[in-house]
Amino acid sequence: QVHLVETGGGLVQAGESLRLSCTASGRTFSSLNMGWFRQTPGKERDLVAAISTRGSNLYYTDSVKGRFTISRDNDKNTVYLQMNNLESEDTGAYFCNVVLGSDDGSTGWDTFREYDSWGQGTQVTVSS
């Protein structure tokens, strides 16, 4: 079971930036494809960005392309989400977790049907 701790959220104005961090433990981080999810009240968690084990394959949902950048540091067991030019629609609780994918793109990006655990998440609130 992987233990996840997300940090870096906050209250910002539209157009500003935030950098989220997620530190994982309990499994070999460098073997995990990782994703950032966003959840708003009453809705399910949606995958907004993902990164393969070596960082060579990336995924972004359309609404964040060109504004968000996902990266990872396997030595620090950490995945990051740099969020620039934030919009009010980006408001939500952000979580990280393991996803399906591959460095060479041979496996499509997908989430697991069920997850053993989630971190506490980090809240991002963008005021317009």
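This is a predicted model: local features need pLDDT of at least 70, side-chain atom pairs count only at pLDDT 80 or more; totals for chains, interfaces and linings use all residues.
**Notebook: aromatic rings and their neighbours**

I began with Arg19, which lies over the face of Tyr80, 4.0 Å from the ring centre. For "over a ring" I required NZ of Lys or CZ of Arg within 6 Å of the ring centre and within 35 degrees of the ring normal. Arg45 sits likewise over the face of Trp118, at 4.1 Å from its ring centre.

Residues are numbered from 1 along each chain as its sequence is written, and side-chain values use heavy atoms, with hydrogens and water left out.

Next I looked up ring pairs, taking Phe, Tyr and Trp (its six-membered ring) with centres within 6.5 Å; planes under 30 degrees apart are stacked, over 60 edge-to-face, the rest tilted. I found five aromatic pairs by this rule. Phe95 and Trp118 are edge-to-face, because their planes stand at 80 degrees, with centres 5.9 Å apart. This pair links distant parts of the chain, 23 residues apart: Phe95 is in strand β9 (residues 92–98) and Trp118 in the loop between β9 and β10 (122–127). Strands here are DSSP runs of E, at least two residues, numbered from the N terminus.

Tyr115 and Trp118 make a tilted pair, 4.8 Å centre to centre with 50 degrees between the planes.

Key:
Helices (H or I, at least four residues) and strands (E, at least two) are DSSP runs, numbered from the N terminus.
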